[in-house]
Amino acid sequence: MRQIIFILALFYSISIAQAQKSNESLISAFKIEPNDLELSRLAQPTQYFDKIGPRAGLMGYESGTFEMWVWPWKPLRNFELQFILGTSTQPILAKDIVRSISVTPEVTTLTYTYESFTVKEHIFIPRDEPGAIILLDVHTTTPLSIIPGFIPVMQPMWPAGIGGQFSYWDDDVNGYIISEGQWRAIVICGSPAGQQMAAPPAHMFADNPSQFKIDVKPGETEGKFIPIVIAGAVPDTTTWKMKTDSVKSTYKRLWKNAEKYYHENYDYYQNLRNSTMQITTPDKEINLAYEWGKVALDNLMIKNPRLGYGMVAGFGLSGGGARPGFGWYFGGDAFINVLTMNSVGMFKQSRDALAFTQKWQRQDNFPIRKKNPTAPPVDIGKMAHELSQSDGICDWWNDYHYGYNHADTSPWYLVAMGDYVRTSGDTTFLRESWKSVKMAYEWCLSKDSDGDGLMDLKGAGLGALEFGKLVAIYADVYTCGVFVQGIKEMKYMAELVGDSLMAAQAEAQFKKAQPRLEKLFWLEKEGFYAYGATEKCEQVREKTPWSGVAMMFGLLREERSAKSIEAFNSADLCTDWGVRSLSNKSELFDPTNYNYGAVWPFISSFFNTAQFKHHYALSGYQILQANIKHVFDHALGVVPEVFSGELNEKLGEGYHHQGFSTTGYMLPLVRGLLGLEVDGKLGSFIFSPHLPPNWKEIEIKYIKIGTSKINIDMNNAVVPKGYKIYVEHDRTNEILGKLSPAFPLGTEIDDSSIVTNQDIHAISLIDFQYSDVYGSPLLRSIAIALPDSHLLIGQRNSGLKFISQRIEGNRLIFIVEGLSGESYTVNVRDRDIERIDFEKGIIGATIQLPESLLDRSRFQFLRPMKITFDKKPKQEFVRKEIVITLK
């Protein structure tokens, strides 16, 4: 009897110990905070997602499969979950039962459901830790085994390579330790609740996944999270080796403090949102895309243990390779993205990105070592095009030729520096950087081999294109446009630092270069700017949008810029999902070719902004809408690198999260549609919006102007007819401002105004220290309101294209393109219809008249206008005029 009692007591104590151990390996569940930036949908198992932090990144598919990076190392790939019920031996794959995905800046949640269990997988990367935290929220009605598995690789980022990798199970952490022969990288993947399932072979990786098991009983995890952690460490900066104890400390710290790290993430992204400019428009997709754009760009700021803190170009899956998209440092990409970050007030990120690139500016014998000590200096001052995160593991600069192979990077540096100083007012950084800026400028000047004032590609490197028939030309309009703007910025910066000699040189250079830019690239017969020119000044007459850079900066003649934009607004370049890099009428056109016909959101950074700057708001809004759709129709919250020129589909070679693709809609949104530009040095701003006529009101908050901040609220539906702009000022300093909202041609404005070829702008110049309201009564003209875009994946180019508009006397004329035999519907505001002279009719379209022209309270009530194109034997895009006679 005593023996039976002893045995029962022993079993009881063992079960109690096991229960205590189980509870110790779980953490208390905590609330996942609601976030109005949440993007969610039914999971698409083959669609990309990522979670990125400064020290680590996780990239995968919505199936739940992912690869892990602890910069610059890739310790594992093909991480995935399986589930086994009770005593069954048949695994249920997570990818087969994934139901939904929910994404916020701080955490991504995948939900898996089966008839007897639901598992929510919360995934996040701590802000300043080299690892990832996965929290499983499990509810099951039957005993359940969760089987995480992965393939260990421990591979440095391309192009470095190593050998001697291995892994083993460590009972101290209940996880696999993954490393390589020199211990330069150690990563642990496991769970405090995990149990070993197999022993990997010594000194090598197994062919099969490394797996561990987590057993869950019904009710055991209620109010608990099961933690899974992937953890590395920061290497010793003398030996560049890691210690296993340091990695174990990180591992334990992450799972034991998961709630703290989650809230740090949440607070960080809330601060990113609230400490930078915020916008509220009637279009919820634009509002969401704008905030996600800030997150996407901020996620590009990476802290490499050897190289420092800088901006990479983008992310994507490397699969069996070692290139995580463009997850290494690209100077040109950073400089282009700096324009957007300046526009939204992300000045710290801009400064950090710029400062990082200065470290790798070419010097004599650095970072490329001379093969002969007596050899003359080469390319001193040139800015680096790209730098792999694996530099130090390999000799990037001396063993590979990619580092300085682009010509456009250095003039972009001048543009980005000038733009940063102007928008932020940070002249301290300019003075610290002046030597670097001068060196880059002098390098650019040295590449003007024919003395015409413009940079040549000859001997300088690549410009707009990287391969193909057009890559060997002497000069392209894109690189030359960036250089001319760089000269302009050089004069501005030289004046700020008091370098009068450099300011005078830049002024003289600009006076020489700008007219040459105009003369070299204008095609009189075609009516647009050429792509490039040969050394004999023979123009490359291909139709491309690359001149959008120079037009965006206002470097080209206004009337010629207008003609070019009208030519480029046509369907041979503009698709329903973005702008092609080359007209589909060109002999070189290939819709899946990266350089010769694909749609790049990146190109919209310039061309779309130029559309708004030159007042082509209808066509500009169409392209802006197209690019914003990409924030939601592929990976949630980010934009892919490149799309087919024939179908609305991402190209297979294009990576999933590309920084300059985010800039492709963010820059034209802020500097184009909203028309907002800030001068933090002068303490001034310009607000020149081109708003859709059905937008009643917009709010822009936390606009930084030097040490001051303002808010702008524009009401576009004041009764009686008119508009009002309310500017709220924190009263820190006196602010100078120019308010210049755009209205349709034919609008009559009581106050001062400027008429352009496409619209009319009210003008108010303000000099104030307090909040104030500005506005004017209007006699409005006819305004076209575009319907919401319903773009489908795989769709061909078929939408209506607005080419231009003009007014002749009392006749308002729109030029449009559409497919022959098709009908399209746009809208006009109900209250504007009283301006139409119906006795003279409408040519080219029909409008259904409202029952009453007297009700003016329904600002957003829109009246459909139908546009029909005649049939042709072959369906193709054709043009027509719509003529509306005004009273």
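1. Aspartate 426 and arginine 351 join their side chains in a salt bridge, 2.7 Å from N to O (Lys or Arg side-chain nitrogen within 4 Å of an Asp or Glu carboxyl oxygen). The pair links distant parts of the chain, 75 residues apart: aspartate 426 sits in the loop between α9 and α10 (427-446), arginine 351 in helix α7. Aspartate 426 is buried at 13% relative accessibility, whereas arginine 351 is partly exposed at 26% (buried is under 20% relative accessible area, exposed over 50%, partly exposed in between; 1.4 Å probe, protein chains only).

2. The model is predicted: local features need pLDDT of at least 70, side-chain atom pairs count only at pLDDT 80 or more, and totals for chains, interfaces and linings use all residues. Residues are numbered from 1 along each chain as its sequence is written, and side-chain values use heavy atoms, without hydrogens and water.

3. Arginine 671 and aspartate 419 also form a salt bridge (2.8 Å, N to O). Arginine 671 lies in helix α17 (residues 659-673) and aspartate 419 in helix α9, so the bridge ties together parts 252 residues apart in sequence. Arginine 671 is buried at 11%; aspartate 419 is buried at 7%.

4. Helices α7 (residues 347-358) and α9 (residues 409-424) pack at about 145°, axes 11 Å apart (axes fitted to C-alpha atoms over the stretch in contact; angles from 0 to 180 degrees between N-to-C directions). Helices are DSSP runs of H or I, at least four residues; strands are E, at least two.

5. Strands β25-β28-β29 form, in that order, an open antiparallel sheet (pairing needs at least two DSSP bridges). Its edges are β25 (475-476) and β29 (539-540). Aspartate 476 has glycine 532 in β28 as bridge partner.
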